[in-house]
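Here are a few exercises to work through with the model open beside you. Try each task before you read its solution.

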Amino acid sequence: MTAEQQAHEPASQAPDRNLALELARVTEAAAMAAARWVGRGDKNGADGAAVHAMRMLINSVSMRGVVVIGEGEKDHAPMLFNGEEVGDGTGAACDVAVDPIDGTRLCANGMPNAVSVLAVAGGRGSMYDPSAVFYMSKLATGPEAAGMVDLDAPPAANVLAVAKGKGCSPQDVTVVILDRPRHAELISEVRASGARIHLITDGDVAGAIMAAREGTGIDLMLGIGGTPEGIVAACALKCLGGIILGKLAPRDEAERRRALDAGHDLNRVLTTDDLVTSDDVFFAATGITDGELVDGVRYRRGHATTHSLVMRSRSGTIRSITSQHQLWKLRAYSSVNFD
């Protein structure tokens, strides 16, 4: 940053505490736009509606944000692209991670746990740049076992560590895993440990949060999932006091070579603080379909009801927000078709 740029920087670089509620309005809009596509079998149509709504509303937020973790490139879907400037140009400089729909297939098929998520970390350069390595091996759990788990340990050892941290037996532990052929051996090892398994078809941001949040029935997340989703989840877990550990998992030699050329150590275990270095993180998630974390969008005559989870790491505040939206008023200030 040049001396001239520094001279024009605001005195305080910390994001305003009201930012969390502004972010909730963005995820609410994206969730309501996506919810009109629930069960219609069109992933890209749903994602396009959510992206359009999110882009419109995010540019009213008081921040100078840059999208570091965008969406679409991995799935060839509509994008809020990496490097896109968002916000109204006032307030603090922030890194932004977006996932207008975590679980596009869940939304398209009318299945549980599709959510719209948005995370902001104070200060530029605070979110990890995966350099187009789209997948990583991940482990997530809550604060009780945060210092006891090890990504490189066998699944049974991590199940035992979580059980010890929570004061229960391995048979009481439930592990969430993406239902993919690549996880056949992992699933077999977790079953052999005595733990229960909750398979999900998509949506491992929600899966990681469920593993760290009390009352969801999930204790641990294991397996390979999206790198962008891992960074978004790290923002949430920083607010919850849980932990996410990750290791880049290139799909082929070309992706491996790109990672090495970018300077990544493919044997390095990345911690929550590696994935998001800022201690001032905001996270908002609004349900599109019903799930363990949040309820989905409900439409009634003339209005819609949304349920959101809003968190800030610095204060440790976690808000569960139920909002009722008058649809005719939404149409009055937005070109997004909410009905």
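**Exercise 1. Is Arg-319 buried, partly exposed or exposed?**

Before you start: this is a predicted model, where local features need pLDDT of at least 70, side-chain atom pairs count only at pLDDT 80 or more, and totals for chains, interfaces and linings use all residues. Residues are numbered from 1 along each chain as its sequence is written, and side-chain values use heavy atoms, with hydrogens and water left out.

Step 1. Arg-319 has a relative accessible area of 39%, so it's partly exposed.

Step 2. Now place Arg-319: it sits in strand E13, residues 318-326. Helices (H or I, at least four residues) and strands (E, at least two) are DSSP runs, numbered from the N terminus.

Step 3. Look around it. Skipping neighbours within four places in sequence, Arg-319 contacts Leu-21, Ser-308, Leu-309 and Val-310, where contact means heavy atoms within 4.5 Å. The C-alpha atoms of Arg-319 and Ala-20 are 9.5 Å apart, although 299 residues separate the two along the chain.

**Exercise 2. Work out how H7 and H8 are arranged.**

Step 1. Two packed helices are described by the angle between their axes and the distance between the axes.

Step 2. The axes of H7 and H8 come within 9 Å and cross at roughly 25°. Axes here are lines fitted to C-alpha atoms, for helices over the stretch in contact, with angles from 0 to 180 degrees between N-to-C directions.

Step 3. That makes H7 roughly parallel to H8 (under 35 degrees counts as roughly parallel, over 145 as roughly antiparallel, 65 to 115 as roughly perpendicular, the rest as oblique).

Step 4. Which residues meet? Asp-204, Val-205, Ala-208, Ile-209 and Ala-212 in H7 meet a set in H8 that includes Val-232, Ala-236 and Leu-237.

Conventions: Buried < 20%, exposed > 50% of the residue type's maximum accessible area, 1.4 Å probe, protein only.
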